[in-house]
Amino acid sequence: MVRDAEGPVAGATVRVQATDNKTTTTADGSFVLGLTTTTPVSVTAWAEGYFVGWISAVSGAGPVTITLKPYYTTDNPDYAWFSMEGAEGSRSCSHCMPAYEEWVEDAHSQSAVNPRFLTMYNGTDVDGNRSPPARYVYNRNYGFFPVRPDPDEPYYGPGYRLDFPNTAGNCATCHVPAAAAYPGRAYSVDPNQVSGIEAEGVFCEFCHKIGDVILDPATGLPYPNRPGVLSLRLYRPGEGQQLFFGNFDDVTRRVSYLPLEEESSFCAPCHFGVFWDTLVYNSFGEWLDSPYSDPETGRTCQDCHMPIAGYDYFVFPEKGGLRRDPNRIFSHRMPGASDEAFLQNAVAMTATAWLEEGTLVVEVSITNDRTGHYVPTGSPLRHLILTVQAIDGQGQALPQQGGPTVPEWGGPQAGQPGKAFAKVLETLWTEISPTSAYWNPTRVLSDNRLAPFATDVSTYTFDAPEEGLVRVEVTLLYRRAFARLMEQKGWDVPDIVMEEQGLEVVRP
Ligand code: HEC
Ligand code: HEC
Ligand code: HEC
Ligand code: HEC
């Protein structure tokens, strides 16, 4: 029987702990579980709104009753985050859990202190040089409006605080969520001022205290004016209370099961961001609009970004961790834009080349066949650069006749045969594009990124030599941020080769 202080609990999941042997309680709270052993086993029970309860049971020993305790429904913003054995913050989880080492390598653990984030927030480069504050001019019809930075002054790239010196902005709601999670404080956190566990960014206990997300039922998306923590429901405990949410219904003591943790919506509040009226971050919305969001045949964010970890416990066995099905234990490394293997399994590229009269024709086809959202996604700084080079037997590049070229902002590849894939934003007043200062009003100038299952085909023509061999090299690069911005800021992030193909054509 499963009950709470009031009476029977119907629909509770009852399980022989850490096995697939499970059932559900009926309307009167009762259940029957077959046992194949005569040694005592732990039987767990969970229902929504309750901590996981348990009892030790022996086959044939008569009925058992598991009494469930509801968890608190309040949130206490003054809660001092978890610490244990003298360790503060997420390190206190490292004593018992292998997930810690993975999370240390995950960008979530750096989101508050990531130098690229902070240099963009402050308008500095990595050495601390700062661009001049934004300039404004006055016009009788429009009032004050911003103009481009003075070309005669040293410039270290844009910064939120250059344009808005007197406000903290919304950045902390996603990048420093624990500091922003106080009533009335969401837009007043300066990321330079945070310390302690708040500086751990998106940390263990923060994610595992999320009990719900707030989405607009009409769109399935977060409300545009509620970024990050403003769309999250936290369960921070009061004095003498404690609660962690997890993806198992049979983990006892201070734990409850949260099916939401296995759903993409869990990630939505921080992976969807509207600034003014422009959709800046939209990995969640892109996923929602794609076949990947089909509950039957699709895949969740976690399916791709939290793959099977490769071990069969989540608490070290010497710390009392139970052996479990390894297919249910997921990695917290969360691969993304700096993971070569991950990027090399994102799209498929095929190139073909042939001769037509005196012309070499190269056709390149790129399909987003394995990514659950646009490629690239996330920050609008990310883009792909495709280059097509044709080289004759003497090692000379053949002159391009037709087809696209890499845009002027394409860094070392600018002007070469090829193209870029990006969402290009332009600031409204200064008309700078591509802009990375998306905290200002901007408009989407162009967006040719690859939607899920979409194919892009581009064709290039070159003057073919009279005779002999022509080599064609086709390369697709992933670039974390616009080359000019990286130079201004002093960021040093090498491109990652996503796809590469070499072809040979012979003119008889
Ligand atoms: C970005 C949010 C996030 C952060 C940060 C995070 N987790 Fe998780 N964690 C999840 C989600 C989501 C799952 C469920 C994954 C699934 O079902 O695919 C999970 C699952 C788990 C599990 C169950 C076993 C497993 O790996 O599937 C444990 C234990 C766990 N997390 C511990 C930790 C610890 C310890 C840390 C910090 C070192 C941490 N988590 C940081 C979101 C997070
Ligand atoms: C509280 C806000 C928050 C939540 C919840 C959250 N993220 Fe993130 N995520 C971020 C921020 C902020 C970054 C950027 C960190 C940086 O680059 O400094 C990020 C970065 C990432 C990256 C890039 C990681 C890398 O190592 O390059 C991936 C992938 C990602 N998130 C996936 C997820 C998934 C999947 C979930 C849900 C299980 C999730 N996130 C939940 C805020 C969040
Ligand atoms: C079918 C697999 C798949 C699914 C589903 C998926 N992703 Fe991704 N994700 C990828 C791949 C592959 C990349 C690398 C290519 C790219 O950047 O688009 C990536 C990249 C990202 C990045 C960029 C990382 C960076 O460091 O810039 C973020 C953020 C991200 N995903 C978040 C999400 C979120 C949030 C969801 C769910 C709403 C999700 N992904 C669903 C495969 C997937
Ligand atoms: C709605 C949540 C949200 C808000 C608000 C937000 N960000 Fe982000 N930010 C993210 C996520 C998620 C990523 C990771 C996406 C990816 O990896 O492609 C990210 C990535 C970045 C990056 C790229 C970091 C890198 O290592 O390449 C920079 C820079 C950045 N954000 C700056 C800011 C600034 C400055 C603000 C405030 C003006 C801000 N963000 C507001 C969610 C947010």
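# Briefing: iron sites and cores in a predicted chain

His175 is partly exposed, with a relative accessible area of 22% (buried means under 20%, exposed over 50% and partly exposed in between, using a 1.4 Å probe and protein chains only). The model is predicted, so local features need pLDDT of at least 70 and side-chain atom pairs count only at pLDDT 80 or more, while totals for chains, interfaces and linings use all residues. Residues are numbered from 1 along each chain as its sequence is written, chains are lettered from A and ligands numbered from 1 in the order in which they are written, and side-chain values use heavy atoms, with hydrogens and water left out.

**The chain as a whole**

- The chain contains eleven helices and 26 strands (DSSP runs numbered from the N terminus, with helices being H or I of at least four residues and strands being E of at least two).
- The C-alpha trace spans about 90 × 65 × 45 Å along its principal axes.
- Of the 508 residues in the chain, 50% are buried.
- Among contacts between residues at least 6 apart in sequence, 64% join residues at least 24 apart (a contact means heavy atoms within 4.5 Å).

**The iron atom of ligand 4**

- His175 (NE2) and Tyr281 (OH) coordinate the iron atom of ligand 4 at 2.0 to 2.1 Å (donors are N, O and S atoms within 2.8 Å of the metal, or 3.2 Å for Na, K and Ca; water is not among the atoms, so sites may look incomplete).
- The site of this iron atom is octahedral, with angles of 87 to 179° among its six donor atoms.
- His175 sits in helix α5 (residues 172-175) and Tyr281 in strand β16 (residues 278-281), so the pair links parts of the chain 106 residues apart.
- Six donors count as octahedral if opposite donors are over 155 degrees apart and all others are between 65 and 115; four count as square planar under the same rule, or as tetrahedral if all angles lie between 85 and 135 degrees, and anything else is irregular.
- Ideal angles at a metal are 90 or 180 degrees for six octahedral donors.

**The iron atom of ligand 2**

- His108 is in the loop between α2 (99-104) and α3 (115-122), and His271 is in the loop between β14 (255-257) and β15 (273-275), 163 residues apart.

**The iron atom of ligand 1**

- The iron atom of ligand 1 is coordinated by His208 (NE2) and His332 (NE2) at 2.0 to 2.1 Å.
- His208 lies in the loop between α7 (204-207) and β11, and His332 in the loop between α9 and α10 (340-343), 124 residues apart.
- The six donor atoms make angles of 88 to 179°, and the site of the iron atom of ligand 1 is octahedral.
- His208 is partly exposed at 24%, and His332 is partly exposed at 24%.

- Ligand 2 has 21 residues around it, of which His108, Asn114, Cys267, Cys270 and His271 come nearest (a residue is near a molecule or strand if one of its heavy atoms lies within 4 Å of it).
- α9 (301-305) gives the most to the shell around ligand 2, with three residues.
- Ligand 4 has 25 residues around it, with Arg116, Cys171, Cys174, His175 and Tyr281 coming nearest.
- α3, α5 and β15 each supply at least two residues of the shell around ligand 4.
- A polar side-chain atom of Asn114 lies 2.8 Å from an oxygen atom of ligand 2, and one lies 2.9 Å from an oxygen atom of ligand 4.
- Arg382 has a polar side-chain atom 2.8 Å from an oxygen atom of ligand 4, and Arg480 has one 2.8 Å from an oxygen atom of ligand 4.

**Nonpolar cores**

- The largest nonpolar core has 39 residues, and those with the most contacts inside it are Trp81, Phe203, Phe206 and Leu243 (a core is a set of buried Ala, Val, Leu, Ile, Met, Phe, Trp, Tyr and Cys residues joined through side-chain atoms within 4.5 Å).
- The elements giving two or more residues to this core are α2, α6 (177-180), β11 (210-213), β12 (232-234) and β13 (244-246).
- α6 contributes the largest share of this core, three residues.
- Apart from this core lies another, of 30 residues, among them Leu343, Val388, Leu450 and Met498.

How values were computed. Polar contact = N/O pair within 3.5 Å; in protein donor to acceptor, adjacent residues only side chain to side chain.
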